[in-house]
Amino acid sequence: MREIGAGLAGAFILFSARFITAVRGRWDGIAPTDEQRVYFANHASHGDFVLIWTVLPRRLRFATRPVAGSDYWLKSGLRRFIGRDVFNAVLIDRDPATRTSDPIVQMSDALDAGASLIVFPEGTRNTTEAPLLPFKSGLFHLAQARPNVALVPVWIDNLNRVMPKGEFVPVPLVCTVTFGAALSVAEGETKQDFLARAEAALLALSPKANAS
């Protein structure tokens with residue numbers, strides 16, 4: 001019954017996301033193939049991974065797991081059901097003081113099991129005027145741990161206006177999810193240089209960058 005409920009909830013979330021946002025996926029420099037990937041995206045809302053999940057082809061959608069903070073997704077029974085049962089999220093403890101599992105090991109294990117991942121390198125939602133918060137080091141360490149997995153930048157546009165922080169009623173607006181060309185850590189590349197390159201690749205997909 002729980003599996004049936006999760007399937008129905010996933011279908012409802014998928015329909016709602018499409019209805020409210022009329023979300024469109026754009027594949028810019030990469031195609032939606034069955035290649036295993038780590039999709040890394042900007043983070044402005046708890047619904048970010050839902051939009052990425054929504055625009056993926058069905059065959060990819062159910063092989064792709066979001067990486068999310070356990071502090072949020074385990075806070076209530078409903079959130080736990082959505083995070084664990086509906087989306088099969090890799091739940092990470094973001095507090096080093098209470099953490100009992102290494103996040104890189106958790107993500108690597110998920111990749112080894114055949115999943116693709118959705119990650120947010122900023123580490124938390126960006127509520128500032130800056131287009132991106134500085135990337136945490138996790139993306140670099142994951143790329144080093146599993147160098148054969150493609151890293152795909154994904155820019156999510158407009159969702160922060162659909163669900164402003166503190167609001168409960170969504171505002172219907174068209175959202176876009178743009179996928180860019182894959183990248184990987186170059187031989188001898190430092191953490192700082194790689195993260196700067198990854199940030200630049202993500203920012204290059206934003207509407208403001210393309211309008212200039």
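Phe-81 sits in helix H5. In this predicted model, Phe-81 has a relative accessibility of 18%, which is under the 20% limit, so Phe-81 counts as buried. Beyond its sequence neighbours within four places, Phe-81 is in contact with Arg-2, Gly-5, Ala-6, Ala-9 and Val-86. Phe-140 is 59 residues from Phe-81 in sequence, and the two C-alpha atoms are 30 Å apart.

**Whole chain**

- The chain holds 10 helices and seven strands.
- Its radius of gyration is 16 Å, close to the 17 Å that the globule rule gives for 212 residues, so the chain is as compact as a globular protein of that length.
- Along the principal axes, the C-alpha atoms fill a box of roughly 50 × 45 × 35 Å.
- Buried residues make up 44% of the 212 in the chain.
- Take the contacts with a separation of 6 or more: 73% of them are between residues 24 or more positions apart.
- The accessible surface is about 11,200 Å². Carbon and sulfur atoms account for 55% of that surface.
- Charged side chains number 23 positive and 20 negative. The centres of these two sets lie 7 Å apart.

**Strand E3 and its partners**

- Strand E3 covers residues 64-69. Five of its six residues are buried, so the strand is mostly covered.
- E3 runs parallel to strand E5, residues 116-119, and three bridges join the two.
- In that pairing, Arg-65 stands opposite Leu-117 of E5.
- E3 also pairs with strand E4, residues 90-92. This pairing is parallel too, over three bridges.
- Here Gly-69 has Ile-92 of E4 as its bridge partner.

- Ser-70 is found in helix H4, which spans residues 70-73.
- The relative accessibility of Ser-70 is 15%; buried means under 20%, so Ser-70 counts as buried.
- Setting aside residues up to four places away in sequence, Ser-70 touches Lys-75, Leu-91, Ile-92 and Asp-93.
- Asn-88 lies in the loop between helix H5, residues 77-86, and E4.
- Asn-88 has a positive phi of about 50 degrees, although it is not a glycine.
- Relative accessibility is 41% for Asn-88, between the 20% and 50% limits, so Asn-88 counts as partly exposed.

**Strand E6 and its partners**

- Strand E6 takes in residues 150-157. Seven of its eight residues are buried, so E6 is largely enclosed by the rest of the structure.
- Strand E2, residues 37-41, runs parallel to E6. Five bridges join E2 and E6.
- Val-38 stands opposite Leu-151 in E6.
- E6 and E7 run antiparallel, joined by four bridges.
- Val-154 faces this second pairing, standing opposite Phe-179 in E7.

- Gly-180 lies in the loop between strand E7, residues 176-179, and helix H9, residues 191-203.
- Gly-180 has a relative accessible area of 1%, under the 20% limit, so it is buried.
- Its contacts, leaving aside neighbours within four places in sequence, are Asp-28, Ile-30, Val-152, Pro-153 and Leu-205.
- Gly-180 and Thr-54 are 126 residues apart in sequence. Their C-alpha atoms are 17 Å apart in space.
- Thr-54 is one of the buried residues of helix H2.
- H2 spans residues 48-55 and is mostly covered, with eight of its eight residues buried.
- The buried set in H2 also includes Asp-48, Phe-49, Val-50, Leu-51, Ile-52, Trp-53 and Val-55.

Note on methods
Residues numbered from 1 in each chain as written. Predicted model: local features only at pLDDT ≥ 70, side-chain atom pairs only at ≥ 80, totals over all residues. Heavy atoms only, no water. Buried < 20%, exposed > 50% of the residue type's maximum accessible area, 1.4 Å probe, protein only. Pairing = 2+ DSSP bridges. Rg over C-alpha atoms; globule rule 2.2 N^0.38 Å. Contact = heavy atoms within 4.5 Å. Areas by Shrake-Rupley, 256 points an atom, 1.4 Å probe, with all protein chains shown as cover. Lys, Arg positive; Asp, Glu negative; His and termini not counted. Charge placed at Lys NZ, Arg CZ, Asp CG, Glu CD.
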